[in-house]
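Welcome, and please open your viewer. We will walk through one chain together, one selection at a time.

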Amino acid sequence: MAFHPIRFPLDIALGARGGPERATDIVTLASGAEERNSRWAHSRRRYNAGYGVKSRADMQAVLAFFEERRGRFHSFLWRDGLDFSSGGATPDPLDQVIGTGDGVKAAFALVKTYGASFDPYLRPITKPVAGSVRVAVAGVETSAFVLDELTGLVTLDAPPAPGAAVTAGFLFDVPVRFDIDRLDIELTSFDAAEAPTIPLIEVLE
């Protein structure tokens, strides 16, 4: 198996459905009170690309993409139409705090924070879009860094001073794979095709 750095057809992805999934165990006690346990440290996203297929040409594109990925075997990139940026449509280098300088550490992993007041969730971003990442140290944008596009690790040329906030803005994709090994395609008319279910699942890294 391998990761293919290619994005699922964007025009089809934008018509898909899906979002994050969690795994929570809930035990109801004799008193009626509950004990809850979160089994996953990170959410995992699921999508159904079938909703984005609008024509025979769309279905042919999905078919070719599916065959080249060998079904569930190889992973690839997916653009989540709702959640693909660190902030707004245009990344700002102050969007997300990714670390604090200590005078020694120079490498910081990209993360996106959800929530603020109660229990913020820090989501690792491992597939940033090339050329979209902007970094700032102590509020001042810098280009003195190297980005690993396959892991989301930002390495500054020099360690930030102790207490200096390291922030970043970026666009990103989600690493996913097909969650089926069989496409069930129905041709509904001369220039239309329907695939009720084309499930995709996020590959956690």
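**Before you click.** This is a predicted model, in which local features need pLDDT of at least 70 and side-chain atom pairs count only at pLDDT 80 or more, while totals for chains, interfaces and linings use all residues. Residues are numbered from 1 along each chain as its sequence is written, and side-chain values use heavy atoms, with hydrogens and water left out.

**Whole chain.** Start with a cartoon view: the protein chain has two helices and 19 strands, taken as DSSP runs (helices H or I, at least four residues; strands E, at least two) numbered from the N terminus. The C-alpha trace spans about 65 × 55 × 30 Å along its principal axes. Of the 205 residues, 40% count as buried; buried means under 20% relative accessible area, exposed over 50%, and partly exposed in between (1.4 Å probe, protein chains only).

**The largest nonpolar core.** Next, select Phe-8, Val-62, Trp-78, Phe-178 and Ile-198, which touch the most other members of this 19-residue core. A nonpolar core is a set of buried Ala, Val, Leu, Ile, Met, Phe, Trp, Tyr and Cys residues joined through side-chain atoms within 4.5 Å. Which element gives the most to this core? Colour α2: that helix supplies four residues. Now centre on Ile-198, whose contacts (heavy atoms within 4.5 Å) beyond four places in sequence include Tyr-47, Met-59, Val-62 and Phe-178. A second, separate core of 14 residues includes Phe-108, Val-111, Val-166 and Ala-168.

**Val-203.** Move on to the segment after β19 (199–202), where Val-203 is found. Val-203 is partly exposed, at 23% relative accessibility.

**Charged pairs.** A search of the whole structure finds 13 salt bridges, each a side-chain nitrogen of Lys or Arg within 4 Å of a carboxyl oxygen of Asp or Glu. Select Arg-7 and Asp-173, with closest N and O atoms 2.9 Å apart. This pair links strand β1 to the loop between β15 and β16, 166 residues apart. Is Asp-173 buried or exposed? Asp-173 is buried, at 6% relative accessibility.

Then pick Arg-46 and Glu-21, whose closest N and O atoms are 2.6 Å apart. Arg-46 lies in β5 and Glu-21 in β2, so their bridge ties together parts 25 residues apart in sequence.
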